[in-house]
Structure formats: structure tokens, C-alpha cells
Amino acid sequence: MAGCQSIARFAVQLVVLWMVVMPGESARAANDFMRIDDYLQRHPEQQALMADFNARVQAPALPLTAPPRREIRIAVIYPALQASDYWRRSLASMEARLRALRLPYQLKIYLSRPTVDVDLQARQLNTALQWRPDYLIFTLDTVPHLRMIERVLALGRPRLILQNITTPLADWEDDQPFLYVGFDHVQGTRLIADWMLERAGYRGKYMTLHFSSGYVSRMRDGTFNAMAARYPELEEVESYDTDGDPEKAYRATLQTLQEHPDLKMIFAGSTDLALAALRALRETDRMDVLLNGWGGGAAELEALEDGGLDVTAMRINDDNGVAMAEAMRLVMLDQQARVPAIFAGDIALVTRDTPPERIDELKRRAFRLSEPSDEG
């Protein structure tokens with residue numbers, strides 16, 4: 001009964017997230033998703049843990065002095081079949097850090113498409129659990145994900161790392177996952193929105209391209225729309241749910257440009273959608289329309305350099321892979337109490353005006369373990 005109630009609450013939360021996440025509002029605006037500041041108010045002891053752990057992530061690896069008795073088993077279920085290289089780089093940086101720590105491991109990787117492959121992800125979860133891993137790295141975006149996660153929490157093992165979410169669920173207060181890891185979707189979107197709205201003069205028409213109806217899209221799109229709603233001369237003329245399909249985003253952009261030739265901005269909720277919208281803008285010679293990316297991976301940075309995208313929130317990507325490896329090291333040393341509940345990596349605003357040398361500096365930081373050494 002408790003599990004059913006929790007699932008029902010989560011479904012309501014996803015609807016609420018479509019309409020809220022106003023800047024400055026507490027996590028109560030999004031029901032039981034707790035923003036980091038709100039979580040720290042409830043758990044002030046986490047402040048020191050997070051600061052110490054972040055310092056550990058930024059520092060060089062400290063290899064284990066004695067080899068572990070056995071390899072650790074890590075199962076990874078990633079919605080990585082998309083244009084964004086976030087998931088691939090996360091995996092590469094985690095493995096690189098594990099090797100630098102001299103922490104032997106076995107890895108099972110299960111890949112899928114976001115949004116449309118939930119049934120496949122459920123089957124992958126069953127297969128992964130049969131392998132009896134020590135760690136399961138998964139994500140939380142949809143209601144079915146919640147059911148899968150609560151099953152793992154009820155089992156009590158493996159240790160669960162939830163990636164790409166940094167807002168703990170209050171419903172799990174007494175039985176949280178081992179670690180929430182990723183980058184704050186609201187923080188990144190605020191950076192994008194502040195820049196785009198100012199460039200637009202706080203007036204004009206815009207459209208929104210939603211990647212899915214899940215948590216991540218709601219946090220990003222809901223934040224942008226809430227910020228735009230502050231200005232009465234800004235008008236959202238179209239809002240499209242694309243189901244993560246770039247072709248839908250491409251066609252939606254073409255249609256909106258035809259119906260609203262004075263369109264001023266497009267907010268794209270993901271890399272895939274941004275690149276699809278960019279294709280439509282180029283084909284119609286409408287490069288005057290402001291367009292964002294989200295994440296600052298290789299494809300987005302290339303589009304920025306080519307004058308296609310105008311702005312993105314660039315994750316210091318490899319930090320979250322390093323964080324997962326460092327958390328496993330602390331467990332191996334029987335110091336799991338030093339692992340915080342949340343690790344949220346840094347995000348930097350990158351625009352068409354950002355100097356190339358600044359972008360190169362950010363690349364060196366963000367891709368320090370996932371990029372081939374000869375490419376920086």
C-alpha cells in the first residue's frame with residue numbers, strides 16, 4: 001500500500017513540476033522533491049560532508065595501498081542512446097578514476113533510449129539484479145522508474161546510485177539511495193534563461209521543445225517557462241512534447257516558424273532537440289532566432305563554435321563519474337559514512353560570446369578523463 005501511495009504521489013509531482021519550480025521557491029513547490037538548499041536545511045550535517053567530498057573529487061586520485069579481496073561488481077543502466085555524450089563520458093570518467101584508485105571492478109553495461117525504452121529498462125534491471133552487483137547505477141525520470149527503484153530499495157541491495165538527479169525524494173527520507181549524483185537542472189536552466197531573456201529584451205514570442213514528460217524535462221522546461229512568465233511581453237506561442245524524437249522537434253520547429261515568422265526564441269530541453277531545431281533554423285535561414293543547448297557536450301560546443309547555438313549550460317561532466325568512483329572507494333575503506341547524500345557538479349554558462357580560450361579551459365576541466373589525451 002505504501003508503495004502504491006508513493007507512486008501516486010510521484011505522478012502528481014510530475015504534473016506539478018510542469019507548472020512550477022519558480023526561482024527562489026522552496027522544494028515544497030515541487031511537492032516532495034527537495035532542492036539541495038532545502039535538503040541541507042533538514043540535514044545540516046551534510047554541508048561538511050558535501051564540501052569534503054567535493055574536495056576529494058577535485059583532487060588527484062589516492063590509490064588504495066592494499067588490493068581489495070575481490071573485484072566490485074557494478075551494473076549500469078543508462079539511457080545513453082542519444083546525441084548527448086553525457087552518459088558516455090560519465091562512464092568513461094568513472095572507469096578512469098576506478099583504475100587510478102586501483103580499485104578492481106567488473107562492469108555490466110545496459111544501454112537504451114530515453115523516454116521510449118522503459119520496458120527495456122525494466123528487463124535490463126531484472127537481468128542486472130540476477131548478476132548480484134554491489135552497485136547499481138540508474139536514473140529517475142518517469143513513474144515506471146520509481147517502481148523499479150523502490151523495488152531495489154526494498155531489497156536492501158545493491159547500493160543504488162541515482163544519476164542525473166540531485167533532488168532527493170522526501171518519501172525516501174528513511175531509506176534513501178546510496179547517492180544522488182549529477183548536475184542541478186534548475187541551476188543550469190536559470191543560467192540559460194537569464195542570458196536568453198536579456199538578449200531577447202524580455203519581449204517577443206518563443207516556443208518550447210520538451211524532450212519528454214519526465215522529471216528532467218519538467219525541471220528544465222518548467223524553470224524556463226516560470227522565469228519567462230515574469231515578463232508580460234514574452235509569449236509562449238507553441239509547446240511541443242517530442243518524446244525524445246529529433247524528427248518531431250525538427251518538424252515542430254519548421255511548423256512554428258511558418259506560423260509565427262516573428263518567433264524570437266526556442267527553448268530546447270536537450271541536446272538532441274537543440275540540434276534538430278538548429279537544422280530547421282538553418283534550412284529556413286532563420287539564424288536570428290535565439291536557441292539554447294543543455295549540457296555543453298562535444299556536439300553542442302561544436303554548434304556554438306559554428307555559430308549555430310547561442311548558449312548552453314555546460315556541465316563539468318567528468319566530475320560525476322569521479323564522484324561515483326570515489327564513493328565506492330570510501331565504501332571499500334569502510335568509510336561510507338563520509339559519502340554525502342548528494343553530489344552536484346559545477347555548471348558554467350557558455351555563450352556565443354565566450355572567448356575560445358575560456359571554452360578550452362572548460363573542456364580541459366569537464367572532459368579531463370573522458371577525452372583522449374591528445375585532444376586535451
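**Entry 1: Thr-256.** I looked up Thr-256 and noted that, at 0% relative accessibility, Thr-256 counts as buried (under 20% relative accessible area; exposed is over 50% and partly exposed lies in between, with a 1.4 Å probe and protein chains only). The model is predicted: local features need pLDDT of at least 70, side-chain atom pairs count only at pLDDT 80 or more, and totals for chains, interfaces and linings use all residues. I number residues from 1 along each chain as its sequence is written, and side-chain values use heavy atoms, with hydrogens and water left out.

I located Thr-256 in helix 9 (residues 246-259); helices (H or I, at least four residues) and strands (E, at least two) are DSSP runs numbered from the N terminus. Setting aside residues up to four places away in sequence, I listed Met-207, Val-237, Glu-238, Tyr-240 and Leu-263 as touching Thr-256, where contact means heavy atoms within 4.5 Å.

**Entry 2: the chain as a whole.** I recorded 13 helices and twelve strands in the protein chain. Of its 376 residues, 58% count as buried. I noted that, among contacts between residues at least 6 apart in sequence, 74% join residues at least 24 apart. The accessible surface comes to about 15,700 Å², and carbon and sulfur atoms hold 49% of this surface; areas come from the Shrake-Rupley method with a 1.4 Å probe, and for residues only the protein chains shown count as cover.

Entry 3: I traced an open sheet of six strands in the order 2-1-3-4-5-11, with parallel pairing. Strand 2 (105-111) and strand 11 (342-344) stand at the edges with a single partner strand each, so one side of each lacks a neighbour in the sheet. From one strand to the next, the twist averages 15 degrees. Two strands pair if DSSP finds at least two bridges between them; I found three bridges joining strand 1 (residues 72-78) to strand 3 (residues 135-139). Within strand 3, Ile-137 is the bridge partner of Val-76.

I then examined helix 12 (residues 318-332), which packs on the sheet and touches strand 1, strand 3, strand 4 (159-163), strand 5 (179-182) and strand 11. The direction of helix 12 makes about 155 degrees with that of strand 5; axes are lines fitted to C-alpha atoms, for helices over the stretch in contact, and angles run from 0 to 180 degrees between N-to-C directions.

**Entry 4: Ile-109.** I placed Ile-109 in strand 2. At 40% relative accessibility, Ile-109 counts as partly exposed.
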